[in-house]
Amino acid sequence: MLENPPILPLDAHNQALLQNVHPPDWRNPEPAPRYNLVVIGGGTAGLITAAIGAGLGAKVALVERHLLGGDCLNVGCVPSKGVIRASRMVAEARRAQKEIGLELAPGAQADFGAAMERMRRVRAQISHDDSAARYRDELGVDVFLGDARFASRDTVEVRGAVLRFKKAVIATGARAIALPIEGIESAGYLTNETVFNLTERPRRFGVIGAGPIGCEMAQAFRRLGSEVVVLHADAHILPREDEDAARIIEARFAAEGIRVVNGATIQRVERDGDARAIHFVPGSGRAERVVVDQLLLGVGRAPNVEGLDLETVGVRYDARRGVYVNDYLQTSNPRIYAAGDICMKWKFTHAADAAAKIVVQNALFLRTKKLSSLVMPWCTYTDPEVAHVGLYPHEAKAAGVELDTYHVSLDQVNRAVTDGEEEGFVRVHTRKGTGEILGATIVAAHAGEMISEVTLAIVAKQGLGRFLDVIHPYPTQAEGIKRAAGLYTRTRATPTVKKWLARWMALRR
């Protein structure tokens, strides 16, 4: 069975975390004669499945081999946002020094160790929600810690205990893996599973990959005092996003002193004393070498399918893609479902949460809920943030769908101007000739908070013009959405409409 990296350092905060999510003195319960649901994996998808199932009266067993809370709590969403928040404090202080004369000592820097300790304290505080004791005592779930495997068509074995199930759910998630780069293993590297163990600031910090993890950590570490270089193979960072959105983040990175190398081919990585030397060819130049003290791999994931004995129960899977499921999240074995990173293209905590609700409905009641019915937003928590929901223009074009697009620059939004956060925009796509919202991208300081308003409109089947009926407090950056609605409404004023309005007004004089 694969070994997970340890949570370090073992200070009071991490000890509190481990006491919640993998208590060293935990004793597995005596198995029930039969369970409505046996859930394998205690990340977001598994936890939510177990909690909802038990809340509906089902007898549920939850099995986790490592840490309850999964990536999100332990090595993902929670610690990364803790580090990002600390780095934003630093950025605000430096901005205040420049704009309003805040006095800072020459060369003042944040205490990196203190920033990481704050992250560990916050993580430990939040961890009670996912704790083994809470799931047992408050939610009535039988929690088993240990490796699980399918032993027969209706049983799962955990540390010698046999759990008999009516239905089972695979929610084992995914893990970070190394890229096939020469020398990477011997040189040493960090992933999301180990970067939050750092207690000392690396003077030089390298990032391979410019997706959400790579970009978020690059900016955070730069603001906390590291020299940062980002190397990636694509034409621009955040390759899933619209190019102009990504270019805004690239420009901010450049202003903050982050070097970004687009179109880079990594040739090899080698040790250079205690450091790592990265040999690469940029997309527009000759071979180069850069030396960093710590190297973060921001790309590379693999589904956790090993050791489950999926063949025993006829569950089809692929070592790279994970478990195969249909639109009901049902595997090739109709009694076994899957949810989360193990089977879905959306690798988000909120996607796993939504999928868990689908699984509970379909496994315990009528099979009516479909994954394809979900409207899935997401956000990258750089500064500014980049949030999206629905179709991108290139996806609409590929599907033969014509769009109208309404674009509002944040320098037209008064709150963004007063905040000094004019870099960004609100862009909404509608089906051509109608107000039906098909997609949106927002680049703003708190785009992740703003995108939900658009997501709600799509789910509720409300057109873009409907936003003009919603009173937004003034001033807020969310007014950018209302301004986009105003642009749409003005397109309704055709020459014929304008002519009739003019005649009506003439009659009313």
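In this predicted model, Leu366 is exposed, its relative accessible area being 65%. The residue is located in the loop that runs between α10 (349-364) and β19 (377-380).

Charged contacts were examined next. Across the whole structure, 34 salt bridges are found. One of them pairs Arg65 with Asp147, with 3.0 Å between the closest N and O atoms. This pair connects distant parts of the chain, 82 residues apart: Arg65 belongs to the loop between β2 (60-64) and α3 (70-75), and Asp147 to the loop between β3 (142-145) and β4 (148-152). Arg65 is partly exposed, at 30% relative accessibility, and Asp147 is likewise classed as partly exposed, with a relative accessible area of 36%.

A salt bridge is also formed by Arg134 and Glu138, whose closest N and O atoms lie 3.5 Å apart. Here Arg134 is partly exposed, with 22% relative accessibility, whereas Glu138 has a relative accessible area of 53% and is therefore exposed, the cut-off being over 50%.

In a further salt bridge, Asp272 and Arg289 approach to 2.6 Å between the closest N and O atoms. Distant parts of the chain are again linked, with Asp272 in strand β11 (residues 265-272) and Arg289 in strand β13 (residues 288-292), 17 residues apart. Both partners are partly exposed, Asp272 at 30% relative accessibility and Arg289 with a relative accessible area of 44%.

Terms used. Residues are numbered from 1 along each chain as its sequence is written. This is a predicted model: local features need pLDDT of at least 70, side-chain atom pairs count only at pLDDT 80 or more; totals for chains, interfaces and linings use all residues. Side-chain values use heavy atoms; hydrogens and water are left out. Helices (H or I, at least four residues) and strands (E, at least two) are DSSP runs, numbered from the N terminus. Buried means under 20% relative accessible area, exposed over 50%, partly exposed in between (1.4 Å probe, protein chains only). A salt bridge is a side-chain nitrogen of Lys or Arg within 4 Å of a carboxyl oxygen of Asp or Glu.
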